[in-house]
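Please keep the sequence and the coordinates in view while reading.

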Amino acid sequence: LSAVMAIQIWILFTFVRGAEFDLSDDNSDFVYTWKCPRDKVECDNKADLTAAGWVMFGILMASHLLKDLVNGFKMIVLSAKEGYQP
């Protein structure tokens, strides 16, 4: 089992778990994140953003943008060389 396959299975598992439709669950993505109890004046934000979610976001963004960054860097390096004929 390679590292890429393990990351893909982890991301798939997270999306499948987040897609379960249970409105009675407080951690469900289909309900409002703000809870306003009747006996309080203030409302509470119950958003369940975790470090694992941010790590997953970083991996997806880095894997998506890395190709463009590498190609841009190569373009800058090759444009500075003399005698380069495309």
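The axes of helix α1 (residues 3–18) and helix α2 come within 11 Å and cross at roughly 125°. Here the axes are lines fitted to C-alpha atoms, for helices over the stretch in contact, and angles run from 0 to 180 degrees between N-to-C directions. Angles under 35 degrees count as roughly parallel, over 145 as roughly antiparallel, 65 to 115 as roughly perpendicular and the rest as oblique; α1 and α2 are therefore oblique to each other. The model is predicted: local features need a pLDDT of at least 70, side-chain atom pairs count only at pLDDT 80 or more, and totals for chains, interfaces and linings use all residues. Residues are numbered from 1 along each chain as its sequence is written, and side-chain values use heavy atoms, with hydrogens and water left out.

Which residues form the meeting of the two helices? In α1, Ile7, Trp10, Ile11, Thr14 and Phe15 meet Ala52, Val55, Met56, Ile59 and Leu60 in α2, where contact means heavy atoms within 4.5 Å. Ile59, found in helix α2, illustrates this pairing. Leaving aside neighbours within four places in sequence, Ile59 is in contact with Ile7 and Trp10. Ile59 and Ile7 are 52 residues apart in sequence, yet 9.0 Å apart in space, C-alpha to C-alpha. Ile59 is partly exposed, with a relative accessible area of 29%; buried means under 20% relative accessible area, exposed over 50%, and partly exposed in between (1.4 Å probe, protein chains only).

Helices (H or I, at least four residues) and strands (E, at least two) are DSSP runs, numbered from the N terminus. Of the 86 residues, 3% count as buried. Among contacts between residues at least 6 apart in sequence, 26% join residues at least 24 apart. The accessible surface comes to about 8,000 Å², of which 65% belongs to carbon and sulfur atoms.

Finally, confidence: pLDDT is the predictor's confidence in each residue, from 0 to 100. The protein averages 79, and 78% of the residues score at least 70. Among the elements, strand β1 (residues 34–35) has the lowest mean pLDDT (76) and helix α2 (residues 51–80) the highest (87).

Notes. Accessible areas come from the Shrake-Rupley method with a 1.4 Å probe; for residues, only the protein chains shown count as cover.
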